[in-house]
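Thanks for coming, everyone. Please take a look at the screen before I start talking.

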Amino acid sequence: MLELSEAGAVPVPYLDEPRVAVDIAGQVTGVGHGGRRSAFKDDAEPSFCWTQYAGHGPGPELLGNPRSVLEVGCGTGRALAYLAQRGVAARGVDLSPVMVGKTTTRWAGTGAEFVCSEVLEYLSEHEEVYDAVYSVFGAAWFTDPSRLFPLVRRRLEAGGVFVFSQPPAIPGAYGPQGMYKGGFAGKAMFTYRYSYRPAVWERLLTRAGFATADARVLDAPHPGHIGTLLVRAVAP
Ligand SMILES: C[S@@+](CC[C@H](N)C(=O)[O-])C[C@H]1O[C@@H](n2cnc3c(N)ncnc32)[C@H](O)[C@@H]1O
């Protein structure tokens with residue numbers, strides 16, 4: 001029987017029970033805009049960037065002009081703080097109690113709200129709807145899209161948008177990509193990340209009930225560097 005850690009739970013595809021509890025998503029990606037490895041910096045300022053390169057690519061305009069947003073896998077909370085400072089009702093969910101504790105303290109003055117929860121559980125149990133749901137190298141990358149997308153769809157207002165970014169699939173490596181934490185000896189802690197070609201992301205979204213879906217890979221600022229998968233879907 002696999003155990004639960006103190007951190008929270010990530011559903012394992014193909015197995016509803018037991019769940020392996022992991023809190024490694026932020027640690028393993030170090031999404032760090034501009035190449036940061038550490039997920040949380042006390043002195044970081046609010047900022048919004050879909051890519052792993054500071055100042056590169058589109059900004060929050062992909063969300064339209066939302067009155068309310070939900071970020072799934074909000075990590076450092078910088079993007080939510082940025083939106084909250086501009087008058088958006090901004091809520092984030094993240095399964096890491098450590099990150100949620102830090103972001104709640106750090107961004108207290110902005111009005112952004114942080115909830116500690118696994119995203120599928122949160123979306124199943126809470127019926128609020130939003131103008132936009134988004135993920136920046138966040139929970140949309142770590143969650144089975146066949147389970148996540150229909151739930152997101154149900155939590156969007158008519159015409160609402162779902163936008164997410166993450167690294168593009170490595171050619172030939174599609175579907176759930178399993179990974180261990182901390183090497184290959186010791187307690188078995190692992191998670192999954194989901195990778196597909198853009199056309200497959202679009203199909204998964206329209207099958208989940210979205211009216212339109214557009215997925216594309218944005219080139220990195222330097223030739224030969226890793227680009228960014230950017231996906232945007234609109235609810236009917
Ligand atoms: C790469 S980090 C976040 C990046 C974030 N955009 C930022 O700038 O900090 C991914 C985050 O997703 C969270 N996460 C991963 N899977 C999740 C899930 N199933 N439910 C909720 N949060 C999840 C992790 O705890 C982690 O904080």
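First, the ground rules. This is a predicted model: local features need pLDDT of at least 70, side-chain atom pairs count only at pLDDT 80 or more, and totals for chains, interfaces and linings use all residues. Residues are numbered from 1 along each chain as its sequence is written.

How confident is the predictor? pLDDT is its confidence in each residue, from 0 to 100. The chain averages 87, and 83% of the residues score at least 70. Residues 1-37 are below 50, and beyond near neighbours in sequence this stretch has 70 contacts in the model. A contact here is two residues whose C-beta atoms, placed from the backbone, lie within 7 Å.

Now the sheet. Helices (H or I, at least four residues) and strands (E, at least two) are DSSP runs, numbered from the N terminus. Two strands pair if DSSP finds at least two bridges between them. Seven strands make an open sheet, with mixed pairing. The order is β5-β4-β3-β6-β7-β11-β10. At the edges sit β5, residues 113-116, and β10, residues 212-218, each pairing on one side only. From one strand to the next, the twist averages 15°. Angles run from 0 to 180 degrees between N-to-C directions, and axes are lines fitted to C-alpha atoms, for helices over the stretch in contact.

Look at β6, residues 130-136. Six bridges join β6 to β7, residues 156-166, and the two run parallel. Tyr130 has Leu156 as its bridge partner in β7. Tyr134 stands opposite Val163. On to β3: it pairs with β6 over three bridges, also in the parallel sense, and Val69 stands opposite Ala132 in β6.

Is β6 enclosed or open? Seven of its seven residues are buried, so β6 is largely enclosed by the rest of the structure. Buried means 20 or more other C-beta atoms within 10 Å of a residue's own; exposed means 12 or fewer; partly exposed is in between, with C-beta atoms placed from the backbone.

Next, helix α2, residues 78-85. It lies across β3, β4 and β6, at about 165° to β4. Seven of its eight residues are buried, so α2 is largely enclosed too. Among them are Arg78, Tyr82 and Leu83. The cover over those buried residues includes β3, β4 and β6. Just after α2, Gly87 takes a positive phi of about 90°.

That brings us to the core. A nonpolar core is a set of buried Ala, Val, Leu, Ile, Met, Phe, Trp, Tyr and Cys residues joined through C-beta atoms within 7 Å. The largest one has 57 residues, and Val69, Leu83 and Val133 touch the most other members. Helix α2 gives the largest share of this core, six residues. What does Leu83 touch? Leaving out residues up to four places away in sequence, Leu83 touches Phe48, Pro60, Val69, Val88 and Ala90.

The arc is that of the directions from the helix axis to the C-beta atoms.

Helix α7 spans residues 198-207, and Trp201, Leu204 and Leu205 are its buried residues. Down the axis they fall within an arc of 95°, so they line one face of α7. They pack against α6, β10 and β11. After α7 comes Gly209, with a positive phi near 110°.

Last, two loop residues. Phe137 lies in the loop between β6 and α5. Its phi is positive, about 55°, although Phe137 is not a glycine. Phe137 is buried, with 26 other C-beta atoms within 10 Å.

Gly172 lies in the loop between β7 and β8. Buried or exposed? Gly172 has 5 C-beta neighbours inside 10 Å, so it counts as exposed. The C-alpha atoms of Gly172 and Tyr196 are separated by 9.3 Å, with the two residues 24 apart along the chain.

That's the tour.

Technical notes:
pLDDT is the predictor's confidence in each residue, from 0 to 100.
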